[in-house]
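These are my notebook entries on one structure. I record what I looked up, in the order in which I looked it up.

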Amino acid sequence: MMQLRPRWLTAFLSVLLALAGANFTRAGETRPFAASPVEEPAFAYPGRPDELEDRVLDIFEAKCAFAGCHAGTSAPQGLDLTEEGFKASLINVKSSGLPKYLRVKPGDAGNSYLMGKIRGSAAIKGERMPKGAAPLSPEEIKTIEAWINSLAADLKVAAPRRQYAQAFYGWSLANLPTAEPVEKGAFMYRIAHRFKAPVAQGFDQLFGLDGGAFMMTQLAFPLTDDFTFSLARSGLNATFEIGGKWRFLRQKSDGSVPLSAALYAGVDWATLKGIPDPANPTAGNLSRTDAERFAIFGQVPITRQLGSRVSLAVVPGILLNGNVTVDGEDPLVTIGVGGKFAFNEKYALFSEIVPIVSGDETALIVGGPRVDGGRQVFNDTFVAGLEIKAGGHVFHLFVTNSGGNTTNQYLSGGNLDFADGDFRLGFNIYRILSYPF
């Protein structure tokens, strides 16, 4: 009978024990991560009981929680992964993509939708996160998994009380600027359309959509958290708008600062060739850089959020040299008023009106002044519409009596009589984007 020497017996038993403890994965299944403890960094928060949570927050802040992604009240699907909101946004909150799952099920990482999103599971809806970036490292994924498994199954998280209130999500209402700059770390891209023909043209002209549109594109780049530089271009008179918005007051949720306020100022430069010199029409056309081509504007948007549904804005403004076809025109003084009623986080109704206090006689109205009974009639710009916040986008769909997009264009009034049911369609699309580098 063969006898096993002790070292052979030890090796044989080791192999048997290893096989007994192995966790085989069947075809089509994903092998779970090993249950071994997460390796501890040498200098990370020594002795703190919430160390694991801090490490998860570090990952979110480095990979997810910045402007244009999962940060602030305008984060897609309300998923705010900043320190202020990440637990309330994740724990026991139904996934927007697959509501039968919780984003984070306390104590159960295997059934938390967040794990599927960061692992790129075939069962998720949409893209693997972080979107458009390298996947999290295995160590980062294990840290988040360990954090979820460490949570008590009956954990309840109250909604955070945010330090600042945000009356409006976007850079502007349809036209009037809000007091909100673009958050540092991202930039804004806006597309604006005002259809030329009125809705009253009916189905044959598809309610004005067949008549073309006045269009504008705009980019805005934050230089600080409270100052944003913007550049826009409208096809009307080939106008460039160069402006800056400085927020000098920010409403706080505790009421200690009751409103937000900003200064938006800049210049509209009409670069179209062939504009006659209004001071001397027989002398020819304005040069490209003639001072008459530059309209200077300043506005002070003052906003306030009243509860969770109602927001208001008052925007006094002034426009100097606003009519490129008139020499020595009067300053245009306006007091814009706007408001929003939110049904929920996604949908809201909004409206704005921009009454001209003085200077309308020499205003340059897009489409020309309206004539009624043989005399010119000036109509203040009016807008009413729907706001939709989806993902990182803000959409405005509205009706308006003005074809203007740039500040000097819409401050100068409209050429349709809204009170008589005469208006056109328009829309804005705002997108907050992360830098590609």
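**Entry 1. A loop with positive phi**

In which loop does Phe 207 lie? I find Phe 207 in the loop between E1 and E2. I note at the outset that this is a predicted model, and I read every value below as computed from it.

I looked up the backbone here. Phe 207 has a positive phi of about 55 degrees, although it is not a glycine. Leu 206 lies in the loop between E1 and strand E2 (213-222) as well, and its phi is near 50 degrees, again a positive value in a residue other than glycine.

**Entry 2. Phe 187 in strand E1**

Phe 187 lies in strand E1, which covers residues 186-195. Is Phe 187 buried or exposed? Its relative accessible area is 14%, which is under 20%, and therefore Phe 187 is buried.

I listed its contacts, leaving out residues up to four places away in sequence. Phe 187 touches Val 182, Leu 219, Ala 220, Phe 221 and Pro 222, and also Arg 431, Ile 432, Leu 433, Ser 434 and Tyr 435. I also recorded one distance: Phe 187 and Leu 223 are 36 residues apart in sequence, and their C-alpha atoms are 10.0 Å apart in space.

**Entry 3. The chain as a whole**

I took the totals next. The protein chain has 6 helices and 16 strands. Of its 437 residues, 41% are buried. The chain exposes about 22700 Å², and carbon and sulfur atoms supply 60% of that area. I also looked up contact range: among contacts between residues at least 6 apart in sequence, 59% join residues at least 24 apart.

Nonpolar side chains tend to be buried together in soluble globular proteins.

What is Trp 147 in contact with, beyond its neighbours within four places in sequence? I find Leu 52, Glu 53, Val 56, Phe 86, Lys 87, Leu 90, Ile 91 and Val 104.

The largest pocket holds about 1000 Å³ of space. Its lining has 38 residues, and those nearest its centre are His 70, Pro 76, Gln 77, Met 129 and Lys 131. H2, H4 and strand E16 (424-434) each supply at least two residues of this lining. By class, I count the lining as 19 nonpolar, 12 polar and 7 charged residues.

A cis peptide bond joins Met 129 and Pro 130, with omega about 0 degrees. Pro 130 lies in the loop between H4 and H5.

**Entry 4. Cavities**

How many cavities of 30 Å³ or more does the structure hold? I find 3. About 100 Å³ of space lies in the largest cavity. It is lined by 15 residues, of which Asn 175, Arg 190, Glu 241, Tyr 264 and Thr 407 are the closest to its centre. E2 and helix H6 (407-411) are the elements that give two or more residues to this lining. The lining of the largest cavity divides into 6 nonpolar, 7 polar and 2 charged residues.

The second largest cavity holds about 60 Å³ of space. Among the residues that line the second largest cavity are Leu 319, Asn 323, Glu 329, Asp 330, Thr 362 and Ser 412. The lining of this second cavity comprises 4 nonpolar, 5 polar and 2 charged residues.

Note on methods
Residues are numbered from 1 along each chain as its sequence is written. This is a predicted model: local features need pLDDT of at least 70, side-chain atom pairs count only at pLDDT 80 or more; totals for chains, interfaces and linings use all residues. Side-chain values use heavy atoms; hydrogens and water are left out. Contact means heavy atoms within 4.5 Å. Helices (H or I, at least four residues) and strands (E, at least two) are DSSP runs, numbered from the N terminus. Buried means under 20% relative accessible area, exposed over 50%, partly exposed in between (1.4 Å probe, protein chains only). Accessible areas come from the Shrake-Rupley method with a 1.4 Å probe; for residues, only the protein chains shown count as cover. On a 1 Å grid over the protein atoms alone, a cavity is a set of points where a 1.4 Å probe fits but cannot get out, and a pocket is an open set with protein on both sides within 12 Å along at least five of seven lines; lining residues have an atom within 4 Å of a point. Grid points are joined across faces, edges and corners, and a volume is the space filled by probe spheres set on the points. Ala, Val, Leu, Ile, Met, Phe, Trp, Tyr, Cys and Pro count as nonpolar, Asp, Glu, Lys and Arg as charged, and the others, Gly among them, as polar.
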